[in-house]
Amino acid sequence: MTTNERGQGTTEAPGRELIEQALAAGAPALDEDAGKQFFAAYGIPVPQGGTVTSADEAVRLAQEIGYPVVMKGSSTQVQHKTDAGLVLLRIGNDTEVREAYGTLESRAAAVGATLDGVLVEHMVRGKREFVVGLVRDLLFGPVVMFGLGGIFTEALKDVAFAVAPVSEDDAYELMDEIEAKTLLGAFRGEPPVDRAALAKIIMAVGQMADDHPAIREIDVNPLLIDGDQPVAVDALIAVGEPVEVSTRPPADISRLGDLVAPGDVAVVGASADTSKWGGMITANLILGGFPGPIYLVNPKGGEILGLPVYPSITDLPDVPDLVIIAVPAKLVNGVVEECGRKGVGAIVVVSAGFSEAGPEGRAMEDEMVAIAEKYDMALVGPNCMGVISAHQKVYGTGFMLVRPVPGGASMVSQSGNLGLQLLVSAERRRGGVGKFIGVGNEAMIDAVDFINYLHTDSDTNTIVAYMEGFDDGRRLLEVVRQTTLDKPVVVLRGGMSEYGKKAAASHTGALTSSTAVFEAAARQSGLIVVTDPDEFMDLTFALAYMPLPPGTRVAVATLGGGWGVLVSDEIARSGLTLAELSPDVTQSLNKILPPFWSHSNPVDMVATVTQGVPEAVVETLIASDAVDAVIVMGVVGSMSESRRAVDEIETLKAGGGSGGRGPTAGGSPAAGPAAGPEVEGAELALSGRELSFINQNAALMDRYCKPIVNISQRPMTQAIFSAGGRYSTFVLPSPLRGVRILGKMASYSAYLQKKGRDLRC
Ligand SMILES: Nc1ncnc2c1ncn2[C@@H]1O[C@H](COP(=O)(O)OP(=O)(O)OP(=O)(O)O)[C@@H](O)[C@H]1O
Ligand SMILES: [Mg+2]
């Protein structure tokens, strides 16, 4: 009999011998008995038991443990014991043990396997089964999983992940992440699970990965809850060659000053033809009003827009801080070398035809990096859209004429055309941009380096990135973790494909996906992830221009019922709650609104847009301590309607034409005393009253430091209306979009508060 004493570990790296034995035997995994000894060495409770090789031994061990017992046939040829009928539960006496022994032998034979032994162990009583597991992700390294366990683990897929090392906070968060979290509370006569004990197990599994590079996967499945205590009744520890996790050291970003705040800029490949990349970059730079010298370089020479064109970098009268290169790929490295010799600080290589084009291109790209390093130049690209540093009036992007106004949101994009689309969208919404960096092939500086840089950039209050991939998940996690404590980071995630998906030995391995791991890293680092470009832009400017909601309670002010219903549904889906109106708020609203108002949240203002009414309602709501954010629907975009009607009637009376549906020009008597110039470019012309409502909203955000989101009654493109204060009014065309951004803002706010950070007020 090999009754083992589970629970004997060494002081350093517990269970090392067990791992070494399995490796020495060339086994892909520890057997279940050894696995349980290993868990016990880390303080994870396991049932008393051991492995036997005869029925007599089984009886003796069962008597020693005490009935009822469980018997399991163990065989390296069987991956899932239950599937082969090799787990027998509730064995109550000696006779049943002998019978069970025979059954296991014949069932093993039936699937063509020989038994290495039979595990006899204490039958743990418990109804609830969980799983804790570990896999090694190729980008993020060890990842811990927790979820609903037992034999239905894969069928139900109710699991959550955390990148190791797992902190105590992470462990508790994992418990809250799963759908079946109610099972952790009191359940069908069972007491609530000892969460502290569970947290210790989750953290221990993370620790195992750190201690033993040879561990590839772990399943503690099931973790059966006996009373309130978790017990590991099954153990799988797969071992083998250590897994190589991809890494990428941070780039030297000390010369980025020359990139984002150059004193003078040169464009190589400058052209008068704006259908060429160099031509459009030249146009954007000049039209953008860059205050320093702009040097244009093209061997053809001549003059563009009154500026002389120099034949080469070497011929320039001065040393430019920044050089943007848009010449054919074959010529690029020669120019880069010239830049180095000249003493240039930063270069942006817009040209394509490098590593994205094949091995030859890759070799040229490697050479480009080597030259840049030799001369200590910062290199962006190649194959990128260019850069913008709006506060410094550096508009250095190609392909389209685009110059968003300066603002606090800075963007990093791994895609050229998507980056452009975002810039165009920012421009149309009047959303300000601080910096835009198209990182292209990231030959020297990658998106993570730029996020790290923007963390310290004083022009940036919000960092947003379009990312399709990255080389070093741990560094991303660390950089984002640091950054989000000070500035929100939003990632628009492009289809990051599944990587390194191999046949998994464990339940954990089978349930892991690169998406799930990325989302875990995001949750752990406060990163906000979206997959829809519109939502990305909504969120970018919501974060850049509005305060964060201190909590999840939303008050809705609406002109009619239907929107209120839809919004209430979306509030529930977005992790928000409808604020309860306190008696004093209700009383105040009684004084403002007609007697038939809704008397609850959503506050239906029953189409009352009389001067002063929506203003007073919004102020009453945002001032309430029971309200964290306000959504106002229909006020913007409807006040101008009565004026339009008057205008059309006047036109009709005067014998004019149809009156048209387009925006009218100028003020009119019906627009009230505040009528003023309309907002141009808003598609919908706003009346003076609407503008004053918008300004009041901005002032209220400044005063109460809570967001107010406006939903327009009619479509508009402009989203940001600055009133010159700290915050700006944000107008969206759809109520659901408004709710979704508030949901994401509230969860970032909760993250900051959990980390002990003040909200930015
Ligand atoms: N010691 C025990 N006490 C109580 N129940 C047990 C015990 N061991 C196993 N069980 C029950 O039997 C089920 C199957 O056992 P086990 O997890 O060992 O096999 P398996 O899941 O088929 O193996 P694998 O994880 O390799 O697929 C468990 O989910 C659990 O409900
Ligand atoms: Mg199992």
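# A guided look at a predicted model

Visitor: Why is Ser389 called buried?

Guide: The relative accessibility of Ser389 is 2%, and the word buried is used for values under 20%; Ser389 therefore counts as buried.

Visitor: How do you know that the side chain of Ser389 makes a polar contact with Gln392?

Guide: The two side chains are joined at 2.8 Å, and the cut-off for a pair of N or O atoms is within 3.5 Å, so the pair qualifies as a polar contact. A polar atom of the Ser389 side chain also lies 2.6 Å from the backbone oxygen of Val260.

Visitor: Which atoms are the protein donors of the magnesium ion (ligand 2), and why are they called donors?

Guide: They are Asn221 (O) and Asp234 (OD), at 2.2 to 2.5 Å from the ion. For this metal a donor is an N, O or S atom within 2.8 Å, so these atoms meet the criterion, although the site may look incomplete because water is not among the atoms.

Visitor: What makes Asn221 and Asp234 buried or exposed?

Guide: Asn221 has a relative accessible area of 3% and Asp234 one of 17%. Each value is under 20%, so both residues count as buried.

Visitor: Which residues are the closest to ligand 1, and how many surround it?

Guide: Ligand 1 is surrounded by 21 residues, and the closest are Lys72, His80, Thr82, Glu129 and Asp234. By class, this shell holds nine nonpolar, seven polar and five charged residues.

Visitor: How do you know which side chains make polar contacts with ligand 1?

Guide: An N or O atom in the Thr82 side chain is 2.4 Å from an oxygen atom of ligand 1, the corresponding distance for Asp234 is 2.7 Å, and a polar side-chain atom of Lys81 lies 3.1 Å from an oxygen atom of the ligand. These distances fall within 3.5 Å, so each pair counts as a polar contact. Taken alone, ligand 1 exposes 610 Å², of which the protein buries 90%. Two or more residues of the shell come from each of β4 (69-74), β5 (87-91), β6 (117-122) and β10, and β10 provides the largest share, with three residues.

Visitor: Why is ligand 1 said to lie between two domains?

Guide: Domain 1 (2-122) and domain 2 (129-239) both give residues to the shell around ligand 1, so the ligand lies between them. The domain assignment also gives domain 3 (256-469) and domain 4 (553-754), and the centres of domain 1 and domain 3, taken over C-alpha atoms, are 64 Å apart.

Visitor: Why are Asp376 and Lys393 called partly exposed?

Guide: Asp376 has a relative accessibility of 40% and Lys393 one of 42%. Since buried is under 20% and exposed is over 50%, both values fall in between, and the two residues therefore count as partly exposed. Asp376 is in the loop between α11 (359-374) and β19 (378-380), whereas Lys393 is in the loop between β20 and β21 (394-397). Neither is a glycine, yet phi is positive in each, near 60° for Asp376 and about 60° for Lys393.

Visitor: What makes Lys36 buried or exposed?

Guide: The relative accessibility of Lys36 is 0%, which is under 20%, so Lys36 counts as buried. This lysine lies in helix α2 (residues 32-41), and its C-alpha is 6.3 Å from that of Val46, ten residues away in sequence.

Visitor: Which peptide bond joins Tyr67 and Pro68, cis or trans?

Guide: The bond is cis, with omega at about -5°, and Pro68 is in the loop between α3 (55-65) and β4. The bond from Ala164 to Pro165 is also cis, with omega near 0°, and Pro165 lies in the loop between β9 (159-163) and α6 (168-177).

Technical notes. Residues are numbered from 1 along each chain as its sequence is written. Chains are lettered from A and ligands numbered from 1 in the order in which they are written. This is a predicted model: local features need pLDDT of at least 70, side-chain atom pairs count only at pLDDT 80 or more; totals for chains, interfaces and linings use all residues. Side-chain values use heavy atoms; hydrogens and water are left out. Donors are N, O and S atoms within 2.8 Å of the metal (3.2 Å for Na, K and Ca); water is not among the atoms, so sites may look incomplete. Buried means under 20% relative accessible area, exposed over 50%, partly exposed in between (1.4 Å probe, protein chains only). A residue is near a molecule or strand if one of its heavy atoms lies within 4 Å of it. A polar contact is a pair of N or O atoms within 3.5 Å; within protein, one must be able to donate a hydrogen and the other to accept it, and residues adjacent in sequence count only if both atoms are side-chain atoms. Accessible areas come from the Shrake-Rupley method with a 1.4 Å probe; for residues, only the protein chains shown count as cover. Helices (H or I, at least four residues) and strands (E, at least two) are DSSP runs, numbered from the N terminus. Ala, Val, Leu, Ile, Met, Phe, Trp, Tyr, Cys and Pro count as nonpolar, Asp, Glu, Lys and Arg as charged, and the others, Gly among them, as polar. Domain bounds come from an automatic or database domain assignment.
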